[in-house]
Amino acid sequence: MRILLVEDDPALSLGVGRAFGREGWSVDVLHDGRLALAAGDVGVYDVAVLDLGLPGCDGMDVLRHWRARGARVPVLLLTARDELGDRVEGLNAGADDYLVKPFDVAELVARVRALKRRADGRLSERLTLGELELDLTQRELRWRGQRVHMSPRELALTELLMHKAGRVVPKETIVATLSSWEADFSENSVEVYVHRLRKRFADLGVVIKTVRGFGYVLECAPAAAA
Ligand code: CA
């Protein structure tokens with residue numbers, strides 16, 4: 001998944017960014033409220049983590065602006081102190097959750113995961129297709145209970161395809177989900193990763209079909225001909 005992190009504390013944004021990276025998530029970081037106000041399409045993100053105390057423009061104003069523009073991205077607020085007024089105001093302004101600093105990064109990761117789960121309408125952190133099972137908490141793909149080794153990016157693409165199994169995932173969606181401002185992910189890289197996944201899936205009972213000019217569909221392979 002792709003996350004927007006708006007946090008002006010360099011050490012904190014670095015630590016959180018790394019933790020998100022370990023989950024296989026792409027993260028774009030902004031350090032200034034004005035940049036967050038001006039950020040183009042916030043809707044490309046799966047979750048936004050927004051600090052309230054920002055230089056340039058207050059996080060609360062950023063949140064109000066996003067919601068006024070119709071951005072539906074789930075937003076988790078980071079608040080400096082445990083101030084009831086801020087939390088209530090933030091939730092009323094359209095935030096979905098909040099965390100009070102200092103916090104444990106493991107809790108932030110779990111809350112972001114929960115926001116994504118809710119947005120996807122899932123009940124658990126497991127996606128299944130045929131005999132494949134993706135455990136989103138452990139970041140592990142298993143086939144018949146055996147671990148399938150994958151790079152974080154391959155796993156992120158697998159997650160996207162499994163989440164929409166049987167439906168076409170547009171190439172642009174894959175680019176948007178797997179790219180971040182630091183590491184540009186092109187349509188050509190999508191083809192490279194799809195090629196790699198096809199090799200890995202060769203004996204696992206699922207196939208990635210190309211829908212020419214549009215995207216890809218992951219589905220169960222037809223039973224092998226006798
Ligand atoms: Ca701050």
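The notes below cover a calcium site, a pair of helices and one aspartate. This is a predicted model, where local features need pLDDT of at least 70 and side-chain atom pairs count only at pLDDT 80 or more, while totals for chains, interfaces and linings use all residues. Residues are numbered from 1 along each chain as its sequence is written, and side-chain values use heavy atoms, with hydrogens and water left out.

**The calcium ion**
- Asp 8 (OD), Asp 51 (OD) and Gly 53 (O) are the protein donors of the calcium ion, at 2.2 to 2.3 Å from it (for Ca, donors are N, O and S atoms within 3.2 Å; water is not among the atoms, so sites may look incomplete).
- Asp 8 sits in the loop between β1 (2–6) and α1 (10–22) and Asp 51 in strand β3 (residues 47–51), so the pair ties together parts 43 residues apart in sequence; helices (H or I, at least four residues) and strands (E, at least two) are DSSP runs, numbered from the N terminus.
- Asp 8 is partly exposed at 31% relative accessibility, whereas Asp 51 is buried at 2% (buried is under 20% relative accessible area, exposed over 50%, partly exposed in between, with a 1.4 Å probe and protein chains only).

**Helices α7 and α8**
- Lys 171, Glu 172, Ile 174 and Val 175 in α7 meet Glu 187, Val 190 and Glu 191 in α8, where contact means heavy atoms within 4.5 Å.

**Asp 135**
- Asp 135 belongs to strand β7 (residues 132–135) and is buried, with a relative accessible area of 5%.
- Leaving aside residues up to four places away in sequence, Asp 135 touches Glu 125, Arg 126, Glu 140 and Arg 142.

Technical notes:
Donors are N, O and S atoms within 2.8 Å of the metal (3.2 Å for Na, K and Ca); water is not among the atoms, so sites may look incomplete.
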